[in-house]
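Please examine the sequence and the structure shown below.

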Amino acid sequence: MAEPLRPFRLRGCGSTQKFGVAAGSLRGLLRKGCRLLQLPLAGSRLCLYEDGTELTESYFRALPPQTELVLLGPGESWRGCASDIERLLAAFCSQQGAVVEAARRLLTDERAPHRQKLLADLIHNLSENILAEDKEDDKKWFEGLESRFKNKSSYLRHSCESRMRGYMREVTGFISNVHPSARDAYRAVIDLMADKLKSVKYNGCYFDRREKEEAARLCTAEGWFSCQGPFDRDDCPCKHSINPYSNRESRILFSTWNLDHIIEKKRAVVPELAEAVKTRDGREVNWEYFYQLLFTLDNLKLVHIACHKKTNHNLSCDKTRIYRKRKQTQEIS
């Protein structure tokens, strides 16, 4: 007795067009599909669209009606939905401008919030011009910036320098809280820190793609930055990442990310420095340790604004590193 016919949705490998085909057996479906798609019966086979599982006769009989299948010709393969994604990405790369324009047209009429976000993200990502460095090669990236910035790295270096100068102003401004007898020593420490910052260009090299070796600790050569919050590089729950070199929107969004002091600047580091200067009692304050905590990646982490922990971190300076051992001079007899 012949098996009753059941309907299936059939498509070829590399095609989005689907056909309705009814068959009572795997062999019958394969024969009809090959005739429809003009493929040789020998060497052809059927698999699930969803995950690429190749069908057997017993597996075929267990399939519900309207299951989506892919007909593979000799030498063809199918890895499930991933194969469609690969083809989609290839289309994006080869027809990027057309895809962006089509997405913009769709976005103007789209009302569903989730689909709106997907389209907006697609337009944003496909509008990237990561490799461009100079203003002439990506003029839109520089919209709204002062004309003195001629390349992307120069602007990002300037932003880093501004942030470091802001930290130094906070340290300097704390002098009114320092005991009067220790203010001269506190100023001397500030001067040493300022000279150190100037010598390393206010750490702007972290954002200079032309100084990749120095930048490698914080970003890759391509300019990607990853959120390191709350307290280490693996704890960002959303795995935030950004490339401020990619387009204007990313550059603006990156300005909202924070450089968070793990041992807090205002609550811990600066008050501890002031106390160390006051109670040094002939000892030498290890200003380089405080410099590392205030201005370097030893104590700074880059975090997305949503991951910035604004409550008390409850961390303190290492008491064993606050003072430096004085070098002993050996007497020559």
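Does Lys265 count as buried or exposed? At 11% relative accessibility, Lys265 counts as buried, where buried means under 20% relative accessible area, exposed over 50%, and partly exposed in between (1.4 Å probe, protein chains only). The model is predicted, with local features requiring pLDDT of at least 70 and side-chain atom pairs pLDDT 80 or more, while totals for chains, interfaces and linings use all residues. Residues are numbered from 1 along each chain as its sequence is written, and side-chain values use heavy atoms, leaving out hydrogens and water.

Lys265 forms a salt bridge with Glu170, at 3.5 Å from N to O; the term denotes a side-chain nitrogen of Lys or Arg within 4 Å of a carboxyl oxygen of Asp or Glu. Glu170 belongs to helix H6 (residues 152-173) and Lys265 to helix H10 (residues 265-278), so the pair ties together parts 95 residues apart in sequence. Helices (H or I, at least four residues) and strands (E, at least two) are DSSP runs, numbered from the N terminus. Glu170 is partly exposed, with a relative accessible area of 30%.

Over the whole structure, 16 salt bridges are found. One of them joins Lys18 and Glu68, whose closest N and O atoms are 3.5 Å apart. This pair links distant parts of the chain, 50 residues apart: Lys18 is in the loop between strand S1 (6-12) and strand S2 (19-23), and Glu68 is in strand S4 (residues 68-72). Lys18 is partly exposed at 41% relative accessible area, whereas Glu68 is buried at 13%. Both residues also belong to a network of salt bridges that includes Arg9 and Arg11.

A further salt bridge is formed by the side chains of Glu284 and Arg324 (3.5 Å, N to O). Here strand S8 (residues 284-285) supplies Glu284 and strand S10 (residues 323-324) supplies Arg324, 40 residues apart.

Helix H10 also packs against another helix. The axes of H7 (residues 183-199) and H10 come within 9 Å and cross at roughly 125°; axes are lines fitted to C-alpha atoms, for helices over the stretch in contact, with angles from 0 to 180 degrees between N-to-C directions. H7 and H10 are therefore oblique to each other, since angles under 35 degrees count as roughly parallel, over 145 as roughly antiparallel, 65 to 115 as roughly perpendicular and the rest as oblique. The contact (heavy atoms within 4.5 Å) is made by Ala185, Tyr186, Val189 and Met193 of H7 and Val270, Leu273, Ala274 and Val277 of H10.
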